[in-house]
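Please give me a short briefing on this structure. I would like the aromatic rings, the cavities and a few loop residues, grouped by topic.

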Amino acid sequence: MGQFINLVVVLSLSLSFCLLPHTASAQLRQNYYANTCPIVENIVRAAVAKKFNQTFVTVPATIRLFFHDCFVQGCDASVVIESSGGNTAEKDHPDNLSLAGDGFDTVIKAKEAVDAVPSCRNKVSCADILAMATRDVIALSGGPSYAVELGRLDGLSSTAASVNGKLPQPFFNLNQLNSLFAANGLNQTDMIALSAAHTVGFSHCSKFENRIYNFSRPNAVDPTLNQAYATQLQQMCPRNVDPRIAINMDPNTPRKFDNVYYQNLQKGQGLFTSDQVLFTDPRSKPTVNAWATNSQTFNQAFITAITKLGRVGVKTGKNGNIRRNCAAFN
């Protein structure tokens with residue numbers, strides 16, 4: 001009997017440890033603010049639409065901000081924190097310096113709009129506002145709309161050091177991409193779906209110049225690049241180009257969130273090595289081909305993937321709070 005009880009205890013403990021990584025995300029749910037701020041999604045959507053009408057950069061900037069936030073210490077708005085005193089925050093890590101200011105501004109403006117409603121003031125986290133804003137910019141640019149799970153708290157720390165090795169690099173191969181995404185509970189299908197965020201937005205020339213000038217000894221230009229596209233890139237990004245110059249990541253429909261990203265890969269028009277490898281590697285190529293011809297299937301896969309992304313490292317209880325100012329700790 002004693003052995004049986006011991007076995008039950010061991011099994012219970014094992015189960016607890018198995019469930020532990022997912023306990024935080026288990027508290028996320030749609031309509032989380034139904035009793036505290038029932039109109040929050042309408043408030044955020046209106047604030048995001050206003051910002052979107054001012055500049056299209058709102059779209060890629062907000063999506064990228066969400067991704068960079070979730071992959072470093074989880075979806076807790078720690079990337080929005082400003083450096084202060086002796087602390088260098090996440091946003092000032094080299095990998096985050098190219099995050100466009102319009103993404104941060106979208107979150108700040110939406111937070112101000114929410115807190116302008118007395119019954120909602122200090123009730124909604126910056127992390128949830130970023131998750132909602134991401135959904136809204138995707139829909140505004142022609143992508144799928146989806147129900148957002150809510151209930152995240154804002155993180156209590158933000159350090160540049162925590163960013164090291166946590167974000168995908170433009171030169172990554174499929175193994176490196178899969179490994180990094182797997183560390184965040186995302187599989188290869190999720191990774192290929194989320195990569196389609198590159199259907200909108202832009203990149204500085206320095207992120208891909210090796211592909212058009214000094215790829216390897218026998219090939220100055222990456223042979224997986226479409227030749228005409230490579231020539232076009234060289235014209236837009238001449239050697240020693242102004243580092244502030246940025247070009248569209250999708251050469252065909254840069255202002256539309258769509259599956260043309262995958263069609264571009266089929267034509268050798270993936271801007272980064274980490275984009276084009278999705279087509280050149282036989283393990284991911286079938287998914288690219290399937291989504292290039294079926295936008296509905298891609299949309300469903302993207303909704304699944306971004307919902308899973310939103311569950312990464314969620315803060316609850318004493319591990320977080322609701323910031324009064326998204327850019328500063330309370």
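Predicted model: local features only at pLDDT ≥ 70, side-chain atom pairs only at ≥ 80, totals over all residues.

Residues are numbered from 1 along each chain as its sequence is written, and side-chain values use heavy atoms, with hydrogens and water left out.

The structure holds 3 cavities of 30 Å³ or more and 13 aromatic pairs.

**Cavities**

- A cavity is a set of points, on a 1 Å grid over the protein atoms alone, where a 1.4 Å probe fits but cannot get out; lining residues have an atom within 4 Å of a point.
- Grid points are joined across faces, edges and corners, and a volume is the space filled by probe spheres set on the points.
- The largest cavity holds about 770 Å³ of space.
- Its lining counts 35 residues, and Arg 64, His 68, His 198, Met 249 and Phe 272 lie nearest the centre.
- Two or more lining residues come from each of helix 3 (58-70), helix 6, helix 7, strand 1 (202-204), helix 11 and helix 13. Helices (H or I, at least four residues) and strands (E, at least two) are DSSP runs, numbered from the N terminus.
- Helix 3 contributes the most to this lining, with 7 residues.
- By type, the lining of the largest cavity has 22 nonpolar, 9 polar and 4 charged residues. Here Ala, Val, Leu, Ile, Met, Phe, Trp, Tyr, Cys and Pro count as nonpolar, Asp, Glu, Lys and Arg as charged, and the others, Gly among them, as polar.
- The second largest cavity holds about 80 Å³ of space.
- Residues lining the second largest cavity include Phe 66, Arg 135, Tyr 146, Glu 149, Arg 152 and Ile 306.
- Helix 5 (126-140) and helix 13 each give two or more residues to that lining. Helix 5 has the largest share, 3 residues.
- The lining of the second largest cavity divides into 6 nonpolar, 3 polar and 3 charged residues.

**A covered helix**

- Helix 11 (residues 273-280) is mostly covered, with 6 of its 8 residues buried. Buried means under 20% relative accessible area, exposed over 50%, and partly exposed in between (1.4 Å probe, protein chains only).
- The buried residues are Ser 274, Asp 275, Gln 276, Val 277, Leu 278 and Phe 279.
- Their cover includes helix 6 (174-182), helix 7 (188-195), helix 8 (209-212), helix 10 (260-266) and helix 12 (285-293). Contact here means heavy atoms within 4.5 Å.

**Aromatic rings**

- Rings of Phe, Tyr and Trp (its six-membered ring) pair if their centres lie within 6.5 Å; planes under 30 degrees apart count as stacked, over 60 as edge-to-face and the rest as tilted.
- Tyr 32 and Tyr 33 pair edge-to-face, at 5.0 Å centre to centre and 80° between the planes.
- Tyr 32 is partly exposed, at 27% relative accessible area, whereas Tyr 33 is buried, at 3%.
- Phe 298 and Phe 302 have ring centres 6.0 Å apart and planes at 55°, so this pair is tilted.
- Both phenylalanines lie in helix 13 (residues 295-309), 4 residues apart, about one turn of the helix. An α-helix has 3.6 residues a turn, so residues three or four places apart point the same way.
- Phe 298 and Phe 302 are both buried.
- Phe 257, Tyr 261, Tyr 262, Trp 291, Phe 298 and Phe 302 make up one aromatic cluster.

**Charges over rings**

- A charge sits over a ring if NZ of Lys or CZ of Arg is within 6 Å of the ring centre and within 35 degrees of the ring normal.
- Lys 91 lies over the face of Phe 104, 4.2 Å from the ring centre.
- Lys 285 lies over the face of Phe 279, 4.6 Å from the ring centre.

**Loop residues**

- Most residues other than glycine have a negative phi, and most peptide bonds are trans.
- Asn 31 has a positive phi, near 60°. This residue is in the loop between helix 1 (2-26) and helix 2 (40-54), and counts as exposed at 55% relative accessibility.
- Gln 73 also has a positive phi, near 65°. Its loop runs between helix 3 and helix 4 (101-115), and Gln 73 counts as partly exposed at 29% relative accessibility.
- Asn 164 sits in the loop between helix 5 and helix 6 and is partly exposed, at 49% relative accessible area.

How values were computed: 1 Å grid on protein atoms, 1.4 Å probe; cavity = no way out; pocket = protein on both sides within 12 Å on 5 of 7 lines; lining within 4 Å.
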